[in-house]
Amino acid sequence: MSGREDILARVHRNRPAGDYALPLIPHFDIPGTEQGRLETFSRALEAMGGRFRRSSEMSSPLAWIRENIPNARIICSAVPEVPSDREWSAVRKPQDLADVDVAVVRAVLGVAESGSVLFTEAELKVNTLAYLAQHLVVLLDEGAIVPGLQDAYTHPVFRSARYAVFHTGPSATADIEGVLIHGAQGVRSLTVIADG
Amino acid sequence: MSLDPTITQPAPVLHPEVIGDRFEGAKDAEGRPLVHAEGTSKPIRARTPHEPQPRGARDRGNRPVDQIEAAERFIAATEHEKAHDERLWDMRLRRDKAAHALPEWEDMRALASQIKEHALANLDTYLGQFEAAAKANGVVVHWAADAAEHNRIVHQLLKDRGAKSLIKSKSMLTDECGFRAYMAGVGIEVIETDLGERIQQLDHEEPAHVIGPAIHKTREDVAEVFARTLGSDPTDTDIPHLASVQREATRPLILKADAGMTGCNFAVAETGTVVVCTNEGNADLSANTPPLHIASIGIEKIIPRFEHLAVFLRLLARNAIGTPMTQYTSHFRAPRAGAELHYVIVDNGRSERLGLKEFWTSLKCIRCGACMNTCPVYRRSGGLSYGATYSGPIGIILDPTLNRRKYSSLPFSSTLNGSCTNVCPVKINIHEQIFAWRKVMSEEHRLPFVKSEMMKVLGYVLARPALYRAALGAADEALRLLPHFVLANSLNTWTNKGRDMPEAPTQTFHGWWREHRGQTRKSP
């Protein structure tokens, strides 16, 4: 592959002269998270179109789903707390999840600053679960909420997972006249249920 | 009516005639309008009767793009122009609000700039590190010297696997490479999965804006495109309906696609990770559904470590659309079990740009689009008027490195008010580079053409001082930079090249304008 050597040689030859030192990155505190992160998290999540609930408000996550997403026929759960209508052993390829109405997944962590939740392939089991389903319900341990994005990126999954993704609210677009639509291509709603 | 529940004072309006009477988009549990993704903080609606969409710059082959001609057609389409101007200005205001909410904002910009400059000054080292890490993760890495090689590599990957269809997320790099046109020529179906990019693909147009590809179109335009290409009802211009038409039409194509493709917002050298930001989750669908994922990566996307990624991500969405994050931030480090992941690392003129003393820092760009949103020329002429993949202030300093002759006129499509530089999250001195490109064009004896372009730009922007004043009036930052504006518009620059910069004048723009308008008009 001579293309590689040519490109690297040109880059080396043309690199700007001078000392461009890599700066030290200070840690920036996220206001409001010293007292409690849950409030900051839920406010940020709701501003991004997500819903926030506490497990203490409901008899069970399944009961909440039945009540709030009444037309859901197929619930596909990747967590032990909620039974799955779809047997995971029967899922052979990513496309097999195309008919799922509600996906249930547990987040690795939450980010108070932005209302984001983090998943890897370990939580999703099959990555398309979080995109082909119509609705996404996320279980989040309150203790797993970090203040800011800087804190989130110290988590070891970024060095070990094949795939890691922050979801910050549901799939959204405003590509036509700035009118905001949820469910552009992925999930139409995202609900975080905080527990623990 | 409270337009945005989080804004205590109503956001300033440029064109009251395109402000709608109700929010049509998603609302929160209390029924208040939500403002995230590319959504507006006030309802903006071009009025009926339907005004045909003005098209972009005419194809003149390798001859200089006539941006002004296309801009004049855009301005003549008053409904389109006003809605466009209002919407981009709204994005700019949302950006300001998000930026001002972070006390460390200016520190972050400085850090982001320093990280990028360091990464670019040591790019060969970091590219090597990125490649080694990726290979260790099981990623296959390819190198493409130019657009043609990029397209050939991807084609070969698809051909070897018998792939006939490819779903992809939006990527400015693949647009730069003319990827869709190439694939159409070799019989591979490419399906864009971002709503705006899909609209543009179906309408055979380039993206008009780096984050809002169809931002220049009205709902009537989109309904017409979908009626023509997807068979929907042309009279149904309800936006949720139109979005749903696209979702339902695209989903089967996603499920049966043989391959998937994404671009790359950031490439993390230490882990070999590719990071992609979207609002729709379409990059995740494109990468995770088919058995093959190809990521196209410009060499300048490299950053050293994850701690640096946090700096850029905290800036990117805030600066682009005023939200703390995009809806999805996806990190691809290794292939899924049973699937393939390929990186195509693309140069296409970037390594040469790195060697241009005055212009290499343009490689710091993270494609947020803020310079477009704030630019009075861009907002009123539309991205397609530039006739190039990259438009607006950043476009007019990137494009000449791709084709010096074809894009020689673009550096003149600016008032040099400096607002682009002020909103740039990585502190690129955009307006100074625009000015430097003008000097290059004059030194390369493009002067007769250049001067005539200069006159057209001045005539077109400055003949509408009321609108220009309205646009600038809300931008304190731009007003503070008026000396640059005055300098830039001094025609003496070309007749007396050795001249130093004049002292910053104390007079206002309007004072300057009153003094100079006669001179401007009677000049050749």
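Me: What makes β1(A) and strand β11 (residues 189-195) of chain A a pair?
Reply: In this predicted model, β1(A) and β11(A) are joined over 4 bridges, in the parallel sense. Pairing needs at least two bridges. The 4 bridges meet that cut-off, so the two strands count as paired.

Me: Which residue stands opposite Arg54(A) in β11(A)?
Reply: Ala194(A) does.

Me: Where does this pair sit in its sheet?
Reply: The sheet is open, has 5 strands and runs β1-β11-β6-β3-β2 in chain A, with parallel pairing.

Me: Why do β1 (51-54) and β2 (75-77) of chain A stand at the edges?
Reply: β1(A) and β2(A) have a single partner strand each, so one side of each lacks a neighbour in the sheet. On average, neighbouring strands here are turned by 20° against each other, direction ignored.

Me: Which helix lies across β1, β2, β3 (102-106), β6 (135-141) and β11 of chain A?
Reply: Helix α3 (residues 61-68) of chain A does, and α3(A) runs at about 150° to β6(A).

Me: How do you know that strand β8 (residues 163-167) of chain A and strand β9 (residues 328-332) of chain B pair?
Reply: Count bridges again. β8(A) and β9(B) share 5, in the antiparallel sense. In β9(B), Ser330(B) is the bridge partner of Val165(A).

Me: What does the contact take from each chain?
Reply: Chain B gives 82 residues and chain A gives 65. Helix α12 (residues 306-321) of chain B supplies the largest share of the chain B side, 8 residues. By class, that side has 38 nonpolar, 25 polar and 19 charged residues.

Me: What describes the packing of helix α1 (residues 2-14) of chain A against helix α4 (residues 123-136) of chain B?
Reply: Packed helices are described by the angle and the distance between their axes. Here the axes come within 8 Å and cross at roughly 150°.

Me: Which residues of α1(A) and α4(B) meet?
Reply: Leu8(A), Val11(A) and His12(A) meet Leu123(B), Asp124(B) and Leu127(B). Two residues are in contact if their C-beta atoms lie within 7 Å. Asp counts as charged and His falls among the polar, so Asp124(B) is the charged residue and His12(A) the polar one.

Me: What share of the 524 residues in chain B is called buried, and on what test?
Reply: The share is 57%. The test is 20 or more other C-beta atoms within 10 Å of a residue's own.

Definitions and conventions:
Residues numbered from 1 in each chain as written. Chains lettered and ligands numbered in written order. Predicted model: local features only at pLDDT ≥ 70, side-chain atom pairs only at ≥ 80, totals over all residues. Buried ≥ 20, exposed ≤ 12 C-beta atoms within 10 Å, placed from the backbone. Axes fitted to C-alpha atoms, helices over the stretch in contact; angles between N-to-C directions.
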